[in-house]
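Open the model in your viewer and keep the selection panel at hand. This tour goes stop by stop: what to select, then what is there.

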Amino acid sequence: MEPSEVKLISDGLLFSRYVTGRETERLISKIEKQSSPFAENRIKGSVNYETIGHTENAQVLYTVELLNQAIEKKKQIEFLYCEYGTDKKLHPKKTDKYIINPYYTVTANGRQQPWL
């Protein structure tokens, strides 16, 4: 893998807010192992994974995988929109569930989102 390719993929992970800092670090480490020693040295120690605004929700990748499976199988999904309260816990915005037909996912503003 060329250094520019490693940098491009690493930057994508670093600025994806839907990936945890720990998961970002793990994935970049895997990429580094597939690259040349020169590329590996360019990335190491250049970023603090926890300060870029990553999610703390480790289940996000699992949720994205489920969403991609639903798209592949042309299935509807249902979910609740949640938001963080002053107690720093997730609370549903509404009691009604949303039911959607996802077609594909896009990354917008650093977040993975279904396209309906």
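Which residues in H1 meet which residues in H2? Val6, Ile9, Ser10, Leu13 and Leu14 are the H1 side, and Thr24, Leu27, Ile28 and Ile31 are the H2 side. Contact here means heavy atoms within 4.5 Å.

Before moving on, note what you are looking at. This is a predicted model, in which local features need pLDDT of at least 70 and side-chain atom pairs count only at pLDDT 80 or more, while totals for chains, interfaces and linings use all residues. Residues are numbered from 1 along each chain as its sequence is written, and side-chain values use heavy atoms, with hydrogens and water left out.

**Stop 1: the whole chain**

Colour by secondary structure. The protein chain has four helices and six strands. Helices (H or I, at least four residues) and strands (E, at least two) are DSSP runs, numbered from the N terminus. Along the sequence the pattern reads α-α-α-α-β-β-β-β-β-β. The chain has 116 residues, and 25% of them count as buried. Buried means under 20% relative accessible area, exposed means over 50%, and partly exposed is in between (1.4 Å probe, protein chains only). Now consider contacts with a separation of 6 or more: 50% of them join residues 24 or more positions apart.

**Stop 2: the helix pair**

Select residues 3-14 for H1 and residues 21-33 for H2. Two packed helices are described by the angle between their axes and the distance between the axes. Here the axes come within 10 Å and cross at roughly 170°. That makes H1 roughly antiparallel to H2. Axes are lines fitted to C-alpha atoms, for helices over the stretch in contact, and angles run from 0 to 180 degrees between N-to-C directions. Angles under 35 degrees count as roughly parallel, over 145 as roughly antiparallel, 65 to 115 as roughly perpendicular and the rest as oblique.

By class, the contact of H1 with H2 has seven nonpolar residues, two polar and no charged. Ala, Val, Leu, Ile, Met, Phe, Trp, Tyr, Cys and Pro count as nonpolar; Asp, Glu, Lys and Arg as charged; the others, Gly among them, as polar.

**Stop 3: the core**

Show side chains for Val6, Leu13, Leu14, Ile28 and Ile31. These five residues make up the largest nonpolar core. Such a core is a set of buried Ala, Val, Leu, Ile, Met, Phe, Trp, Tyr and Cys residues joined through side-chain atoms within 4.5 Å. H1 and H2 are the elements that give two or more residues to this core. H1 provides the largest share, three residues. In soluble globular proteins, nonpolar side chains tend to be buried together.

**Stop 4: the aromatic cluster**

How many aromatic pairs does a search of the whole structure find? The search finds three. Rings of Phe, Tyr and Trp (its six-membered ring) pair if their centres lie within 6.5 Å; planes under 30 degrees apart count as stacked, over 60 as edge-to-face and the rest as tilted.

Select Phe79 and Tyr81. This pair is edge-to-face, 5.3 Å centre to centre with 85° between the planes. Phe79 is partly exposed at 25% relative accessible area, and Tyr81 is partly exposed at 43%.

Phe79 lies in strand E1 (residues 77-79) and Tyr98 in strand E4 (residues 98-100), so the pair ties together parts 19 residues apart in sequence. Tyr98 is partly exposed too, at 28%. Ring pairs link Phe79, Tyr81 and Tyr98 into a cluster.

**Stop 5: two lysines in loops**

Go to Lys74, in the loop between helix H4 (60-72) and E1. Lys74 is exposed, at 75% relative accessible area. Its phi is positive, about 55°, although Lys74 is not a glycine.

Next, Lys88. Find it in the loop between strand E2 (82-84) and strand E3 (90-92). Phi of Lys88 is also positive, near 65°. Lys88 counts as exposed at 72% relative accessibility.

**Stop 6: Leu67**

Finish in helix H4, at Leu67. Is Leu67 buried or exposed? Leu67 is buried, with a relative accessible area of 12%. Select Pro102 as well: Leu67 and Pro102 are 35 residues apart in sequence and 7.8 Å apart in space, C-alpha to C-alpha.
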